[in-house]
Amino acid sequence: MADHAKPSCDATRAADPISWPNGAGAAAILGFDLDAEDVALTADPQSRHRLSVMSHQAYGPVTGVPRTLDLLARHEIRATFFCPGYTAERYPDMLRRIRDAGHEIAHHGYLHEAMQGMTPQQEADVLDRGLNALETVAGVRPLGYRAPMWETSYATAGLLLDRGFLYDSSLMDCDVPYELAEGPGADARSVVEIPVSWSLDDWEQYAYVPDLFGCGLIEDPQKSLSMWRSELTASHVEGCCFTLTCHPFLSGRLGRLRVLEELIETMMALPDLWLTTAADVAAHTRSLALEPRVFPQPEIRGLT
Ligand SMILES: [Zn+2]
C-alpha cells in the first residue's frame, strides 16, 4: 500500500495542476517505444515469413536506435526507452547500450500484446515474462510500464503495484501526471500515471506496413513538427507535462530524426522546461502526495 494513502477522488473530475521542481514551469519527456518485430508478430504471427516486413521492423534496433542515442548524447538528454521483452532478447546488445548510456529502461509487454480481452492472470503472465527478459538481458528492474497499444485494463494498476512498479504511462484523460488508484476504497493503493496522447505519437504519422498496420498515409515530418510544437508550446504555457512517444523503426529514419532534433532544440530553448525521464517525473509526482483518482467503470444495464 502506498505510504501516502488518502481518500480517493472520482476521476470524472480533472486532475489538479501540479508544481514542478527547481523552478521549472513545465515538464517534458522523450519516450522511445522499442517495438520491433514483436509488434508485427502480434498483429500476424505469419508475418515472420515476410523478410521485408521483418527488416522494416528491424530498422529500429539496427539503425534507428544507434542514431537516436547519438542525437540524445549530442544534446545531453536522458530519455525513457519502453522495451518489449522479445525485443530485449532479440537485441540484447542494443538494450545494454541504452542502459550504459544512462537512459531509463521501462516495461512494454513481452510480445507487444495489447491487454484487451485478457484475464488478469494472462495479463500478469505477460508482465512477468517481460520483467524476466529485462532482468536477464540488462539486469534492469523497471519502475515504469507502458501498455502496448496503450491498451490497459481495470486490473492493470493492481498488477503493476504487486510487482513494485512506480508508474504507468498509458492513459489519456489528463495533461499532467496524477496518482491512479487501483480501485475504489480508502485503502486502495495507487500508481503514478503519466498520461499520453495519440496526437503525440509518431505511429499515427509514419506507421505503414502493407496488410499489417497503418493507414497507408505517410505524413511529412514537417507536419509532425508543426503538430508537436503546437502541443509543446501550449503544454509549456499551461505548466503541463509534454510526453512524446517515438518509435526508432519510424522516427529513426533520417528526415524524421532531423525533425525530432528541431523539436529538441525548441525544448532546449525553453529555460524553465524540465526535460527528463518518465521515472524522474513519476518520482516527483509521488513526492507531492496527491489524492489518488479512481476510474469508475461505465455500467450499461444488461451488459457484463
Ligand atoms: Zn509499442
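Two residues are taken to be in contact if their C-beta atoms, placed from the backbone, lie within 7 Å. This criterion is applied below to a predicted model.

The chain holds 11 helices and 13 strands. Its C-alpha atoms occupy a box of roughly 50 × 45 × 40 Å along the principal axes. A compact globule of 304 residues would have a radius of gyration near 19 Å, and the value for the chain is 19 Å, so the two agree. Buried residues account for 45% of the 304 residues. Of the contacts that link residues at least 6 apart in sequence, 78% join residues at least 24 apart.

Helix α5 comprises the 19 residues 120–138. At 1.5 Å a residue it should span 27 Å, and because its end C-alpha atoms lie 27 Å apart, expectation and model agree. The buried residues of α5 are E123, V126, L127, G130, L131, A133, L134, V137 and A138. These residues cover an arc of only 160° around the axis, and therefore lie on the same side of α5. An α-helix has 3.6 residues a turn, so residues three or four places apart point the same way. The elements that cover the buried residues of α5 include the strands β3 (80–83) and β4 (104–107), together with the helices α3 (85–90), α4 (92–100) and α6 (156–162). After α5 comes G139, which has a positive phi, near 65°.

Within helix α5, residue L131 was examined individually. L131 counts as buried because it has 20 C-beta neighbours inside 10 Å. When neighbours within four places in sequence are left aside, L131 is in contact with H107 and R163. The C-alpha atoms of L131 and P142 are separated by 7.6 Å, although the two residues stand 11 residues apart along the chain.

The largest nonpolar core contains 73 residues, of which L95, I105, L134, Y167 and A282 touch the most other members. Helix α5 supplies the largest share of this core, 7 residues. In soluble globular proteins, nonpolar side chains tend to be buried together. With neighbours within four places in sequence again left aside, L95 is in contact with C83, A88, I105, V137 and A138.

Terms used: Residues are numbered from 1 along each chain as its sequence is written. This is a predicted model: local features need pLDDT of at least 70, side-chain atom pairs count only at pLDDT 80 or more; totals for chains, interfaces and linings use all residues. Helices (H or I, at least four residues) and strands (E, at least two) are DSSP runs, numbered from the N terminus. The expected span of a helix is 1.5 Å times one less than its number of residues. A residue is buried if 20 or more other C-beta atoms lie within 10 Å of its own, exposed if 12 or fewer, and partly exposed in between; C-beta atoms are placed from the backbone. The arc is that of the directions from the helix axis to the C-beta atoms. The radius of gyration is taken over C-alpha atoms; the globule rule is 2.2 Å times the number of residues to the power 0.38. A nonpolar core is a set of buried Ala, Val, Leu, Ile, Met, Phe, Trp, Tyr and Cys residues joined through C-beta atoms within 7 Å.
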